[in-house]
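Here is a short briefing on one protein model. Please keep the sequence and the 3D view open while reading.

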Amino acid sequence: MHRHSRRTPAATTVLAASALLLSGCGAADGGGDTDSATGKVAGQVTFQTWNLKARFQKYFDGVIAEFEKKYPGTTVKWIDQPAEGYPQKLSADAAAGTLPDVVNVSPDLAYPLAKAGLALNVGKAAGKYRGEYLDGAWKSNEMPGLSGVYAFPWYLNTGPMFYNKGLFRKAGLDPERPPTTYDRLFADALTMARHSDGKIAMLAGTPSIEDFGRYGVHLMNPQGTAFTFNEPKGVQLLTRYKELYDAGALDSQALTAVAESAGRKFEQQSVAMNPGSALDLANFRRDAPGLYRNIGITDAVNNTGKANMYVQGLMVSAQSRVKPAAVAFAHFVTDRRHQMAFAQQVTVFPSSAGALDDPYFTKEDGTDATRVRVAAAKSLKSAVNYTPVLLSDQMKTALRNAVARALQGKQSPQQALDSAAGECNRLLKTG
């Protein structure tokens, strides 16, 4: 299912960050003519997913057959695109005026389509359904500078943290009380580095945009026209990470680490905390029983009381000629019953209100998958999507490079973040 990484539980998504390059001006509300979304549910709906057919054909064939039976006179043509090149495919379809009626998107992919007037404002056209979804999931498809919501929330994920209780114990830290705030994280990390003579690092990765968000930094101005992560709180976060790096509390290879190498360090017990998934837990059980016996599972550290939410949605094309049927189908796929059924086939979570209270997400049965599922579901109820929809891959690279310069002492944290924010804002204006 799309690309995956250790930042999200197994077999699920990392939000694609490639911005679509679309020309032309959108409608004032970004959503085109919403009135025609009401009317008879009939006609052929084209439905595009993102790398799901190979594993879930039976599930989607069943959903489509159900829909066609419920609404006589409708047919659904299902198109599945490969993971690679999906943003480019959307961009090409948008430019050619050939967007499918219902399209699987993440918020960052929906944004340029909404801005160009190609995404239906479902907040207007289908606002009566809002109460069926988690508030944070519904709001994740609000777009900066536009009024409304531009996709139905679909499946969610979040990244619980693993920690090594044995390494906590050796450092004199309470293995049953992992850090939940950044102040505690930084203090515990310095304690661990000191007790291990710098041999054990708390973390293997540098701060990402999500960390800035979870720290409480305002990432953009309210209008969504400029990045502001170089505000004092952002500088404070990077300054604290520099302290960790200098003390050996951040792994020495953190500047060049990728998720896989960070995971290996954790498995080798030279790093005490790392994002993970149910798949990782099963691997630890098989390959690193010493680590597995000491595994703790906790939410990713935050100062906001809210975990990070990765979200996928279903967008309806504003140019669809069968809007009533397209809206009906997007809602049908994302209703509670179908989301619950999908979540039981793969490690994802429903965005439906109340669904996370189901025993499937609350009761442990002793298996590794359930341990992670219950921990993640608990945190998702109030989670938010911290990554700005306007943040492109180029912008992420600019921030990552600035963080590296600050940690190496080549620039002060303020200078580095000023530089990154300036570059991101330049890209924002020219993008």
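How much accessible surface does the protein have, and what share of it belongs to carbon and sulfur atoms? The accessible surface comes to about 17500 Å², and 50% of it belongs to carbon and sulfur atoms. Accessible areas come from the Shrake-Rupley method with a 1.4 Å probe, and for residues only the protein chains shown count as cover.

This is a predicted model: local features need pLDDT of at least 70, side-chain atom pairs count only at pLDDT 80 or more, and totals for chains, interfaces and linings use all residues. Residues are numbered from 1 along each chain as its sequence is written, and side-chain values use heavy atoms, with hydrogens and water left out.

**Confidence**

- The average pLDDT (the predictor's confidence in each residue, from 0 to 100) is 89 for the protein. A score of at least 70 is reached by 91% of the residues.
- Residues 2–35 have a pLDDT below 50. Beyond near neighbours in sequence, this stretch has 126 contacts (heavy atoms within 4.5 Å) in the model.

**Overall build**

- The protein has 18 helices and nine strands. These are DSSP runs, numbered from the N terminus: helices are H or I with at least four residues, strands are E with at least two.
- The radius of gyration is 22 Å, close to the 22 Å that the globule rule gives for 431 residues, so the protein is as compact as a globular protein of that length. The radius is taken over C-alpha atoms, and the rule is 2.2 Å times the number of residues to the power 0.38.
- Along its principal axes, the C-alpha trace spans about 70 × 50 × 35 Å.
- Of the 431 residues, 57% count as buried. Buried means under 20% relative accessible area, exposed over 50%, and partly exposed in between (1.4 Å probe, protein chains only).
- Among contacts with a separation of 6 or more, 76% join residues 24 or more positions apart.

**Helix α7**

- Helix α7 covers residues 182–195. At 1.5 Å a residue, its 14 residues should span 20 Å, and its end C-alpha atoms are 20 Å apart, which agrees. The expected span is 1.5 Å times one less than the number of residues.
- Buried residues in α7 include Y182, L185, F186 and D188. Their cover includes α6 (165–170), α8 (209–215), α9 (232–247) and β6 (273–275).

**Salt bridges**

- The count comes to 16 salt bridges. A salt bridge is a side-chain nitrogen of Lys or Arg within 4 Å of a carboxyl oxygen of Asp or Glu.
- R337 and E66 meet at 2.6 Å, N to O. The pair links distant parts of the chain, with R337 in helix α14 (residues 336–343) and E66 in helix α1 (residues 53–70), 271 residues apart. E66 is partly exposed, at 30% relative accessibility.
- R214 and D211 form a salt bridge at 3.0 Å, N to O. They are three residues apart in helix α8, so about one helical turn separates them.
- R130, D135 and K139 are linked in a network of salt bridges.

**Positive phi**

- Most residues other than glycine have a negative phi.
- D197 has a positive phi, near 55°. D197 lies in the loop between α7 and α8. At 65% relative accessibility, D197 counts as exposed.
- Q269 also has a positive phi, near 65°. Q269 sits in the loop between α10 (259–267) and β6. Q269 is partly exposed, with a relative accessible area of 28%.
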